[in-house]
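Let's walk through this model together, one question at a time. Have a look at the fold first, and then we can start with a ring and a charge.

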Amino acid sequence: MRNQPFGTRLRAAMDARGPLCVGIDPHQHLLDSWGLPDTAEGLASFTYGVVDALADRVAVFKPQSAFFERFGSAGIAVLEQATIRLRDAGALVIIDAKRGDIGSTMGGYAAAYLAEKGPLACDALTVSPYLGFGSLQPAIDVARESGAGLFVLALTSNPEGPQFQTARTADGPTVAGAVLDGLRGLNADSDGLGSFGAVVGATISSTNENLDINGPLLAPGLGAQGGTAEGLTKVFGAAVRNVVPSSSREILGAGPTGLQAAADRANDAYRTVLGY
């Protein structure tokens with residue numbers, strides 16, 4: 001139930017449970033390592049195993065939609081059910097789908113993921129701004145109305161990202177800087193942490209961009225992808241308190257019997273660095 005804005009609920013959840021965000025990324029090799037078939041049934045066993053082990057002890061989860069979509073409607077049904085179970089346990093769910101379109105099409109995505117009674121209703125959605133920041137307006141409107149949040153791609157850590165993200169706009173700032181400025185504006189009137197966040201890779205090293213957007217900063221790439229708890233301060237500087245550190249393979253790779261210990265270790269490390 002979204003009785004408060006996403007940013008408020010996110011801060012409260014991280015204060016209570018620690019800042020860790022567990023990515024649920026059911027790669028085929030992870031299903032294999034768990035002794036599960038690469039089928040919708042194996043996906044369900046894997047996903048519900050993660051949910052049952054961690055839903056009541058981790059603040060935030062980030063299922064990657066692509067790994068559910070690859071199984072068609074059966075996979076989407078697992079994502080839907082996992083999202084319901086996680087939220088019922090008091091965790092927040094960010095669906096990582098990176099949706100981006102214009103007009104009524106973006107409105108359709110918003111209705112599916114961000115509306116309170118949408119079929120895939122989650123707490124926040126990752127979105128792409130590369131049809132123009134204004135193209136996100138339908139999702140922004142639904143998020144505001146329903147108490148949901150958005151995480152907008154800003155400074156991603158994939159090697160292709162800088163081709164667009166560090167390019168200069170006609171007005172002078174970089175594309176990433178323009179995205180961050182847009183988010184800063186959306187969060188300007190927030191009482192506490194805003195609900196409109198940026199995706200900033202934990203492995204980008206340092207940046208000259210101003211990451212103080214008065215909103216959350218989703219930081220994928222920790223653990224197996226090379227990002228470290230200690231490195232977060234270098235990347236995020238004074239904004240580090242607003243980081244949502246996301247780790248997937250480091251935790252999921254521990255297997256069904258090692259999930260809780262792996263999540264606890266990661267959460268403790270991020271608590272120390274982020275000041276929780």
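Predicted model: local features only at pLDDT ≥ 70, side-chain atom pairs only at ≥ 80, totals over all residues.

Q: Which ring does the charged end of Arg85 sit over?
A: A charge sits over a ring if NZ of Lys or CZ of Arg is within 6 Å of the ring centre and within 35 degrees of the ring normal. For Arg85 the distance from the ring centre is 4.0 Å. The ring belongs to Tyr48.

Q: Which residue lies over the face of Tyr276?
A: Here, too, a charge meets an aromatic face. The distance to the ring centre of Tyr276 is 4.0 Å. The residue is Arg241.

Q: In what order do the strands close into a barrel?
A: Strands (E, at least two residues) and helices (H or I, at least four) are DSSP runs, numbered from the N terminus. Two strands pair if DSSP finds at least two bridges between them. The barrel has 8 strands with parallel pairing, in the order β1-β2-β3-β4-β5-β6-β7-β8.

Q: Which residue of β2 is the bridge partner of Ile24?
A: Strand β1 (residues 21-24) runs parallel to β2, and 4 bridges join them. On the other pairing, β2 (residues 60-63) meets β3 (residues 92-99) over 2 bridges, also in the parallel sense, with Val60 partnered by Leu92. For Ile24, the partner in β2 is Pro63.

Q: Are the two faces of β2 covered or open, and which residues show this?
A: Buried means under 20% relative accessible area, exposed over 50% and partly exposed in between (1.4 Å probe, protein chains only). Val60 and Lys62 are buried on one side of β2.

Q: At about what angle does α9 run to β5?
A: Contact means heavy atoms within 4.5 Å. Helix α6 (residues 103-113) lies across β3 and β4 (124-127), at about 160 degrees to β3. Helix α9 packs on the sheet and touches β5 and β6. Its direction makes an angle with that of β5 of about 155 degrees.

Q: What kind of aromatic pair do Phe6 and Phe151 form?
A: Rings of Phe, Tyr and Trp (its six-membered ring) pair if their centres lie within 6.5 Å; planes under 30 degrees apart count as stacked, over 60 as edge-to-face and the rest as tilted. The structure holds 2 such pairs. In this one, the centres are 5.9 Å apart and the planes stand at 90 degrees, so the pair is edge-to-face.

Q: How many residues apart in sequence are the parts tied together by Phe6 and Phe151?
A: Both phenylalanines are buried. Phe6 belongs to helix α1 (residues 6-17) and Phe151 to strand β5 (residues 149-155). The pair therefore ties together parts whose separation in sequence is 145 residues.

Q: Which residue's backbone oxygen lies 3.1 Å from a polar atom of the side chain of Asn187?
A: Asn187 is found in the loop between α9 (175-186) and β6 (196-200), and at 0% relative accessibility it counts as buried. Beyond neighbours within four places in sequence, its contacts include Gly194, Phe196 and Asn214. The backbone oxygen belongs to Ile213.

Q: Which side chains have polar contacts with that of Thr156?
A: A polar contact is a pair of N or O atoms within 3.5 Å; within protein, one must be able to donate a hydrogen and the other to accept it, and residues adjacent in sequence count only if both atoms are side-chain atoms. Thr156 lies in the loop between β5 and α8 (162-165) and is buried at 16% relative accessibility. The contacts are 2.6 Å to Asn158 and 2.8 Å to Gln165.

Technical notes
Residues numbered from 1 in each chain as written. Heavy atoms only, no water. Axes fitted to C-alpha atoms, helices over the stretch in contact; angles between N-to-C directions.
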